[in-house]
Amino acid sequence: MSLSLLFYCVGGIAIGSAIFVVLNRNAVYSAISLVLCFFSLAVIYLLLEAYVIAVLEIFIYAGAIMVLFLFVIMLLNLGREDALPNLNYLQRATSLLLVLLFFVGIFLLMIGDQGLFPQPTEQFVAGGIYPLGEALFSKYLLPFEVASLLLLVALIGTVYLAKRKV
Amino acid sequence: MATIIKSYEPTFWDKLYLPALMRGLIVTFRHFFRRNVTIQYPDQKHIPPEGYRGLHRLNKFPEGRIKCVACEMCSAACPADCIHIIPGPSPWDGGKERYPVRFDIDLLRCIFCGFCEMACPEEAIELTEIYDFSDYTRDDLVIDKEGLLEVYDLTKDQNYYTKNNLSKASSVDTPIDT
Amino acid sequence: MDLLGFTIIVVKVLVVFAATMLGVLVMIYAERRVSAFMQDRVGPNRVGFKGVLQPIADGIKFLMKEDLVPERVDKPIFILAPAILLIPALMTFAVIPFGSSINLFGREIALQVADVNVGILYVLALTSISVYGIVLAGWSSNNKYSLLGGLRSSAQLISYELAMGLAVVSIILLAGSLRLNDIITDQQGSFLSWNIFRQPLAFLIFLIAVYAETNRLPFDLSEAEQELVGGYHTEYSSMKFAMFFMAEYANMITAAALTVTLFFGGWDVPLLDEGSLGLFGALLSVLSFILKVAFFLFLFIWVRWTFPRFRYDQLMRLGWKVMLPLALFNIFLTGGYLTIKALG
């Protein structure tokens with residue numbers, strides 16, 4: 001009961017901060033509210049008893065990726081004033097369409113697979129990190145390897161770009 | 001004959017840096033147990049070496065007469081132009097007929113070079129070992145004849161900091177104030 | 001949860017919080033005294049016996065100082081940044097076990113605030129959060145030196161977090177668990193079962209990375225008084241400035257505790273079975289934990305007053321070209337060893 005109240009609070013914060021990310025014109029504020037959004041998502045994961053995912057959410061997204069984002073924002077000094085360009089109507093319409101498409105896709109995926117509100121599966125609750133590792137190396141081995149290959153390509157590309165300048 | 005200069009080639013251990021780091025840590029650890037060199041100033045006082053040039057004094061004869069004859073050699077020698085003397089006829093009998101009516105030294109201008117000491121034909125002005133005579137106002141740091149004579153009384157035994165270490169330490173008052 | 005259980009948790013939280021804050025006070029005093037001794041000086045010795053009340057005097061001074069907020073700073077973030085830094089620093093200690101368990105009121109109480117089954121990940125996650133405090137403080141100050149300090153620290157933390165995480169992975173491989181208590185149990189026995197003897201390379205990498213993560217010399221590039229004035233806390237004064245320092249020392253205490261937990265057997269007293277000794281054993285384990293942590297805190301200070309600061313490019317080179325490959329190699333070695341052991 002009190003947990004569901006907590007869920008609504010945290011969910012509200014998550015949605016609110018997500019909207020704030022989009023609406024704010026100050027890039028640093030956007031980044032901070034995105035971090036806040038990640039934190040509230042992590043709390044929601046905790047409520048689902050998915051501890052590993054919750055901690056990884058903070059560790060990887062809030063702790064590493066957003067720090068890089070902030071780093072770049074500060075390095076390019078986008079922080080102050082409105083450094084963001086204004087979009088024309090065609091661009092706005094296109095982006096709106098894409099966003100709608102994205103949401104419809106997610107919605108269809110959710111209904112199709114397990115219904116709107118799936119229950120946490122037993123094995124993920126109890127085992128901590130073991131079922132995650134097992135799933136990654138058996139059922140999802142191909143996507144996992146493809147993702148790592150993609151990261152490797154990006155890494156080599158970065159090294160190449162950095163080397164050429166010198 | 002040409003000399004062969006060997007350039008420094010770091011060995012494997014040098015490149016690892018860890019032995020050097022350990023040596024550095026050992027050095028600081030040794031210092032951890034070494035005797036501290038700090039002088040706890042207001043409680044203990046640093047005793048300056050022989051010939052230290054601190055606060056000035058005006059010397060007196062044993063019977064109390066001032067040695068200075070107001071010849072103004074010192075103020076002429078002074079590179080900082082900080083000695084101001086007003087001479088007058090001496091009130092005492094015998095020998096020297098001049099003496100300083102006023103003798104002011106601006107301690108804020110003085111650079112403690114000791115030229116006045118060297119210029120003085122009567123060995124009347126001398127620099128003492130007193131170094132702690134700070135004060136709150138500029139006016140207080142202009143020392144007059146009475147003050148300078150009082151410094152002589154304080155330092156004539158050459159042991160201002162050794163003898164008076166404890167009694168003088170507690171009072172912040174400098175001889176100038178009196 | 002019943003009332004007793006709740007009370008026990010509250011007491012544990014309070015004790016750990018108070019111990020950390022006390023540790024911060026002790027560290028402020030120790031840092032000044034030890035640094036003084038290492039430079040053949042005396043250090044603060046006027047306030048209280050041998051100056052032990054100096055940190056309190058410092059605290060009062062910080063409280064009385066004017067709390068300046070410069071005109072052109074980004075106010076909300078400027079005020080928030082010290083808190084963002086301090087809170088994760090204080091939160092991290094929650095999962096670190098500081099002793100074996102004791103029996104009180106007819107139940108077994110683990111000397112640890114929360115026994116999270118992903119404990120080590122929790123610690124790593126929170127340490128990665130603390131960089132926000134520094135970065136945002138640097139950015140919101142509207143001062144080029146502060147901004148540079150913030151930028152440096154964000155780049156530095158990302159570089160060293162990787163090496164640190166990978167060094168920890170080899171420990172996790174050995175223990176087979178992310179729970180800190182399991183890692184300690186895995187190291188129990190004689191001296192030689194401590195992870196520093198089983199994973200010396202990982203220990204070295206972890207120790208260096210920890211110094212970078214806590215922004216201590218030789219990696220304090222985000223402060224770098226000589227070049228950046230004071231780095232990210234140039235514009236801060238009064239209690240906000242004090243909070244930065246409290247966070248730094250709290251981070252050091254947590255880092256030392258984590259080093260002890262991962263590599264020195266945590267609260268484990270070598271060659272002794274704490275469980276069989278009852279309450280005395282538990283006290284002994286707490287004492288051993290405190291002593292080990294104290295040694296690492298001393299090491300922090302010792303290193304600070306021994307080594308000069310790294311240059312920025314040297315820091316990056318060490319992180320990416322030396323520590324990261326070494327850590328990966330170490331994981332490879334550990335994995336190979338475990339595979340061979342599993343095969344027979």
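## Chain C as a whole

Of the 344 residues of chain C in this predicted model, 47% count as buried. The C-alpha trace of chain C spans about 65 × 50 × 45 Å along its principal axes. A compact globule of 344 residues would have a radius of gyration near 20 Å, and the 21 Å of chain C agrees with this.

Chain C holds 13 helices and 2 strands. Counting contacts in chain C with a separation of 6 or more, 77% are between residues 24 or more positions apart.

## Helix H6 of chain C

Helix H6 of chain C covers residues 144-175. How much of H6(C) is buried? The count is 25 of the 32 residues, so H6(C) is largely enclosed by the rest of the structure.

After H6(C) comes C:Gly176, which has a positive phi, near 70°.

## C:Leu324 in helix H13

C:Leu324 is part of helix H13 of chain C, which runs over residues 312-343. Is C:Leu324 buried or partly exposed? A residue needs 20 or more other C-beta atoms within 10 Å to count as buried. C:Leu324 has 17, so it is partly exposed.

Apart from neighbours within four places in sequence, C:Leu324 is in contact with C:Leu162, C:Ala163 and C:Gly319. C:Leu324 and C:Ile129 stand 195 residues apart in sequence, and their C-alpha atoms are 21 Å apart in space.

## Chain A: confidence and recorded spans

Chain A has a mean pLDDT of 80, with 81% of its residues at 70 or more. Which elements of chain A have the lowest and the highest mean pLDDT? The lowest, 54, belongs to helix H5 (residues 122-127) of chain A, and the highest, 87, to helix H7 (residues 141-165) of chain A.

An unreviewed UniProt entry places the feature "transmembrane region" at residues 6-24, 31-52, 58-78, 90-111 and 140-162 of chain A. In the model, residues 90-111 of chain A are 100% helix and 0% strand, and the end C-alpha atoms of this span lie 32 Å apart. Residues 140-162 of chain A are 96% helix and 0% strand, with end C-alpha atoms 33 Å apart.

## How the chains meet

Two pairs of chains touch, and the pair with the most contacts is chains A and C. Their contact takes 22 residues from chain C and 20 residues from chain A. On the chain C side, the elements that give two or more residues are helix H4 (119-129), helix H5 (131-140) and H6 of chain C. H6(C) supplies the largest share of that side, 8 residues. By type, the residues of chain C that touch chain A divide into 17 nonpolar, 4 polar and 1 charged.

The contact of chain B with chain C takes 10 residues from chain B and 9 residues from chain C. The chain B side of it is made up of 4 nonpolar, 5 polar and 1 charged. Chain A and chain B do not touch, and their nearest C-alpha atoms are 25 Å apart.

Definitions and conventions: Residues are numbered from 1 along each chain as its sequence is written. Chains are lettered from A and ligands numbered from 1 in the order in which they are written. This is a predicted model: local features need pLDDT of at least 70, side-chain atom pairs count only at pLDDT 80 or more; totals for chains, interfaces and linings use all residues. pLDDT is the predictor's confidence in each residue, from 0 to 100. Helices (H or I, at least four residues) and strands (E, at least two) are DSSP runs, numbered from the N terminus. Two residues are in contact if their C-beta atoms, placed from the backbone, lie within 7 Å. Ala, Val, Leu, Ile, Met, Phe, Trp, Tyr, Cys and Pro count as nonpolar, Asp, Glu, Lys and Arg as charged, and the others, Gly among them, as polar. The expected span of a helix is 1.5 Å times one less than its number of residues. A residue is buried if 20 or more other C-beta atoms lie within 10 Å of its own, exposed if 12 or fewer, and partly exposed in between; C-beta atoms are placed from the backbone. The radius of gyration is taken over C-alpha atoms; the globule rule is 2.2 Å times the number of residues to the power 0.38. UniProt positions are given in the numbering used here, feature names are shortened, and annotations may be inferred rather than shown by experiment.
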